[in-house]
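Here's a quick tour for anyone meeting this structure for the first time. Take a look, then read on.

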There are 4 protein chains.
Amino acid sequence: MITSSGSAPSPRRRSEKSRRATLTAALELCAENGYGKVTIEAIAARAGVSKKTIYRWWPTKGAVLLDAVTELVVSHSEFPDTGDIDVDLRTHIGMLVNLFNSTVMGPAYRGILSQVLHDEQLARAVNDELVIPRVALVYERMRGAQEQGQLPPDADLPLAVEMLYGPLYYRHALGRPMPDPEHVETLVAHVMRALRSPERS
Amino acid sequence: MITSSGSAPSPRRRSEKSRRATLTAALELCAENGYGKVTIEAIAARAGVSKKTIYRWWPTKGAVLLDAVTELVVSHSEFPDTGDIDVDLRTHIGMLVNLFNSTVMGPAYRGILSQVLHDEQLARAVNDELVIPRVALVYERMRGAQEQGQLPPDADLPLAVEMLYGPLYYRHALGRPMPDPEHVETLVAHVMRALRSPERS
Amino acid sequence: MITSSGSAPSPRRRSEKSRRATLTAALELCAENGYGKVTIEAIAARAGVSKKTIYRWWPTKGAVLLDAVTELVVSHSEFPDTGDIDVDLRTHIGMLVNLFNSTVMGPAYRGILSQVLHDEQLARAVNDELVIPRVALVYERMRGAQEQGQLPPDADLPLAVEMLYGPLYYRHALGRPMPDPEHVETLVAHVMRALRSPERS
Amino acid sequence: MITSSGSAPSPRRRSEKSRRATLTAALELCAENGYGKVTIEAIAARAGVSKKTIYRWWPTKGAVLLDAVTELVVSHSEFPDTGDIDVDLRTHIGMLVNLFNSTVMGPAYRGILSQVLHDEQLARAVNDELVIPRVALVYERMRGAQEQGQLPPDADLPLAVEMLYGPLYYRHALGRPMPDPEHVETLVAHVMRALRSPERS
DNA sequence: ATTTAAACGAGACGGTACGTCGCGTCTTTTT
DNA sequence: AAAAAGACGCGACGTACCGTCTCGTTTAAAT
């Protein structure tokens, strides 16, 4: 688990109890009252931790939530491999939809993303620690599919990822509901068709 | 121009001068210091307007900026029609990229979108006043293309829009730079290929 | 009825209805919610009168209340004359106690007096229109008593008035309850004794 | 020095520097610009103290000024004892006149008294912390005079105090100037005569 | 086992912005 | 023409969090 700030003191004497209490309190507050009610003061009060302790280890409340969410997401991060790339992508996108819709992690992740728009450092952390590692799994799986001939060897994989993830973030950014499974299936199908069909002359 | 709040008093006596000064000040502050420095106090001070007057007509600073941005966007809103749907979509997406990158409107629109994640009412307003009307133009143009045989009659237009807009909002949400024109071209090409290629058996 | 401000427009076209509604509303508000809740806005709203109209005829809310109170007090202003100066003063002081304790006029008069401490113009008006005329009646009655030999001819009448009124205003200024009738009787007796006893050698 | 509000947090960690700066700033503002210009905002700005800190320890600006005034008054609070009660009371009343006329404390005390008329809690505090303790000194001195035969043993001491203080507060309440020393002398003489002369049969 | 230095809880502090209220002025609409 | 209705610039209100900063008090490493 990587802290988004490098300026913290040596973690040797760090109290694991306080760390856990802080992350838990942050997630709970976010789930119960929405991201707007997540303040350092409220986290400190709920966790029975002093504000100073929070500021010692995290630069912003976004960083706290990022730690909390990352810890949860990473632990459920196996990428499926049934041999059929279409099916696996569908499963993967479905998992991302579930993340957004999740009662406990949804509000937290949405909150983090809202902070990303103002906080460059947090943006970098979210990409480096959360998104890029998971997208790397997608690339890996897609490259395997190319070797098995399920995808053309010259397919534009980064664009494919953008087309797959994009609609989800589009809906997220505009406050719209996530797509249902059927819609996800159609989406994946269209992206695969785009990758497989030849360029127009 | 519709105010995002329906709870404002009757606009009969409203001072157009104050309204203009407020919108201008909000945009300027956003462009100069970033969305974080846009506060109702700062807008009021810069515009020479009382806070009370702002609160009378707008519920949040996001609503102020939405009005300001909408006014600008709508006035530049002709959808291109060269007869070639691919070219026109490329132009349209390019315009959206330019909106995000614009010095004056970019920070404002990004700021609004950040607020959307916490403010349901603002989310509705952004969709109703800004996004949906403009997407409607895309649909209209696409339907025209269908009639001319440039697109199959059963093309999934809403999905197409999500695939076109999605990557932009994906990058936006994660704090990444907008795609360059070449990338836009490739994107549009892929989407069109997806629409035109037959379903797999 | 004298308006405390001389800068009002010609009173020829003045609406008596608005004037009455304003004074009544001011008194009611004061009696119901205390002087603190008496604001020009509240008076205007309650009276169904525009703020502008109030400002046209009165400079402050204190002036409004002074008009209202004066109108009431002056109409009950007969000074008693039983032939016994002690009895008459007791009655008179008792009436002043009743003014302070009155449900309708007490809060108003106390409110006016609180404003007097900040508003020199109002102070002058209170003295000129309310206090001095009534004290004049006391002097007149006392001079009559001197002629009848009930008071020594060299009695210090202004000091006597201060000693009679003083304790009431002392209690008023410190937020204490008004004296009961027995206490008033003792007070008057002491003052009369002071006036009648010879100076010490 | 007692704070007029009992609802303050434990004073263990209280910053004496902030407390002093606040009281000083309040007195200065009051002396310079009058009580009307004393606002919590202005005190905070002048004292270099946050508004929150002021609100943490005092409920109103009146309470702040009361603390400031009390601190000054109490420290100059010896009751004179020359052996002659008439002389001592004259001195004492003269000191009270000086308080009202004082450049630095006069406006503050007058301001407090104006607030007393709207604020029951402050009224209690003014009486308990300022007036009653000082009046107690008067009683004490008077009782001593009774023992020495300078005053009759059955003299109505509370009434005497009201007759002594009353005229001062009467003038204060009606915005009139304090009496000059000669007038004070006459006043004291009259009160003493009243106490010493026998009741009328 | 005792020292000792850090991390800790608690929370006061100087700030900034919030959203509200009432002021006194000014403008628009109605009568 | 007046009066109602009420928008306006202004400024203070009291509150909420911010991030910083002492204060004792644990508590875990180093003696």
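Two residues are in contact when their C-beta atoms, placed from the backbone, lie within 7 Å. On that basis, 33 residues of chain B are in contact with 33 residues of chain A. Helices here are DSSP runs of H or I with at least four residues, strands are runs of E with at least two, and both are numbered from the N terminus.

| Helix of chain B | Residues |
|---|---|
| H6 | 105-116 |
| H7 | 120-147 |
| H8 | 157-173 |
| H9 | 181-196 |

The largest share, 10 residues, comes from H8(B). That side of chain B divides into 18 nonpolar, 10 polar and five charged residues (Ala, Val, Leu, Ile, Met, Phe, Trp, Tyr, Cys and Pro count as nonpolar, Asp, Glu, Lys and Arg as charged, and the others, Gly among them, as polar).

This is a predicted model: local features need pLDDT of at least 70, side-chain atom pairs count only at pLDDT 80 or more, and totals for chains, interfaces and linings use all residues. Residues are numbered from 1 along each chain as its sequence is written, while chains are lettered from A and ligands numbered from 1 in the order in which they are written.

What about chain A on its own? It has nine helices and zero strands, and its C-alpha trace spans about 65 × 35 × 30 Å along the principal axes. Of the contacts in chain A with a separation of 6 or more, 68% join residues 24 or more positions apart.
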